Amino acid sequence: MKILMVLTSHDQLGNTGRKTGFWLEELAAPYYVFKDAGAEITLASPQGGNPPLDPKSNEPDFQTEQTHRFEADSAAMAQLASTVRLDSVSQADYDAVFYPGGHGPLWDLAEDKHSIALIEAFLAANKQVAFVCHAPGVLRHVKTPAGKPLVAGKKVTGFTNTEEEAVGLTEIVPFLVEDELIAKGGIYSKGADWSSYVVSDGLLITGQNPMSSTETAEQVIKQLAE
């Protein structure tokens with residue numbers, strides 16, 4: 001079982017002068033769900049190399065058993081330091097793809113032609129695609145073979161407007177994940193803020209927030225086993 005995990009290369013939080021990137025827990029928790037299930041994992045990002053970590057995700061309040069495990073894992077840290085370039089990967093080499101969130105993906109992966117084409121290729125090959133927290137926003141330009149928005153008529157979730165409001169970034173992000181999924185015709189639903197909530201619709205798996213990352217990854221493993 002081979003799983004591709006796609007991280008952001010974007011490190012600027014709009015024009016605030018603050019840093020952003022990927023959210024550590026949303027990488028670490030799924031990484032070990034996959035690893036412990038025997039998967040071979042590849043980490044990729046648009047620019048390759050060491051992707052930017054959202055510094056907030058490494059504050060004590062957001063650290064977890066899995067983030068500590070990841071940071072103490074020399075092999076995992078070496079992988080993270082040398083992610084492969086996104087334009088060099090092919091869906092043919094993997095069984096599923098997983099996108100961790102953080103705010104970074106809203107700027108780069110959401111607009112990245114290689115990411116868009118990769119997601120479309122995974123779906124065309126009948127393979128799982130999974131996104132957690134802000135990462136469902138990466139689907140905004142992904143289309144079906146008929147040229148319609150991929151999420152149109154599909155059950156989806158993602159970071160809620162009220163969660164974005166709670167972290168004070170409603171006016172900073174390029175778009176709100178909840179609003180964008182609805183605007184593209186998605187059948188959007190959500191759980192309570194900051195609780196695990198995961199939605200599956202065929203090959204498409206989405207999780208609402210960082211608390212959903214483990215369950216989203218477990219859903220990928222479950223579907224792969226079916």
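This is a predicted model: local features need pLDDT of at least 70, side-chain atom pairs count only at pLDDT 80 or more; totals for chains, interfaces and linings use all residues.
Colleague: Where is W194 found, and what is its phi?

Modeller: W194 sits in the loop between β7 (187-188) and β8, where helices (H or I, at least four residues) and strands (E, at least two) are DSSP runs numbered from the N terminus. Its phi is positive, about 65 degrees, although W194 is not a glycine. N126 also has a positive phi of about 65 degrees without being a glycine; its place is the loop between α4 (113-124) and β5, and N126 counts as exposed because its relative accessible area is 60%.

Colleague: How should I read the sheet, and what is the order of its strands?

Modeller: In general, strands of a sheet pair through backbone hydrogen bonds, either parallel or antiparallel. Here an open sheet of seven strands runs in the order β3-β2-β1-β4-β5-β9-β8, with mixed pairing, and two strands pair if DSSP finds at least two bridges between them. At the edges stand β3 (84-85) and β8 (198-201), each of which pairs on one side only. Strands β1 (residues 2-6) and β2 (residues 40-45) run parallel and are joined by five bridges, with K2 opposite E40 in β2.

Colleague: How many of the six residues of β2 are buried, and across which strands does helix α7 lie?

Modeller: Five of the six residues of β2 are buried, so this strand is largely enclosed by the rest of the structure. Helix α7 (residues 213-225) lies across β1, β4 (96-99), β5 (128-132), β8 and β9 (204-207), and runs at about 175 degrees to β5; axes are lines fitted to C-alpha atoms, for helices over the stretch in contact, and angles run from 0 to 180 degrees between N-to-C directions.

Colleague: Which residues does T216 touch?

Modeller: T216, which is in helix α7, touches F98, A130, F131, V132, V198, I205, T206 and G207, leaving aside residues up to four places away in sequence; contact means heavy atoms within 4.5 Å. T216 counts as buried, because its relative accessibility is 0%.

Colleague: Where is Y94 found, and with which side chain does its own side chain make a polar contact?

Modeller: Y94 is in the loop between β3 and β4, and it counts as buried because its relative accessibility is 10%. Its side chain makes a polar contact with that of T42, at 3.3 Å; such a contact is a pair of N or O atoms within 3.5 Å, where within protein one must be able to donate a hydrogen and the other to accept it, and residues adjacent in sequence count only if both atoms are side-chain atoms. The C-alpha atoms of Y94 and K2 are separated by 4.9 Å, although these residues are 92 residues apart along the chain.

Colleague: How many aromatic pairs does a search of the whole structure find?

Modeller: A pair of aromatic rings is described by the distance of the centres and the angle of the planes. The search finds seven aromatic pairs; rings of Phe, Tyr and Trp (its six-membered ring) pair if their centres lie within 6.5 Å, and planes under 30 degrees apart count as stacked, over 60 as edge-to-face and the rest as tilted. The rings of Y31 and F70 have centres 5.1 Å apart and planes at 80 degrees, so this pair is edge-to-face. It links distant parts of the chain, with Y31 in helix α1 (residues 24-36) and F70 in helix α2 (residues 65-71), 39 residues apart. The rings of F34 and F98 have centres 5.5 Å apart and planes at 75 degrees, so this pair is edge-to-face.

Definitions and conventions:
Residues are numbered from 1 along each chain as its sequence is written. Side-chain values use heavy atoms; hydrogens and water are left out. Buried means under 20% relative accessible area, exposed over 50%, partly exposed in between (1.4 Å probe, protein chains only).
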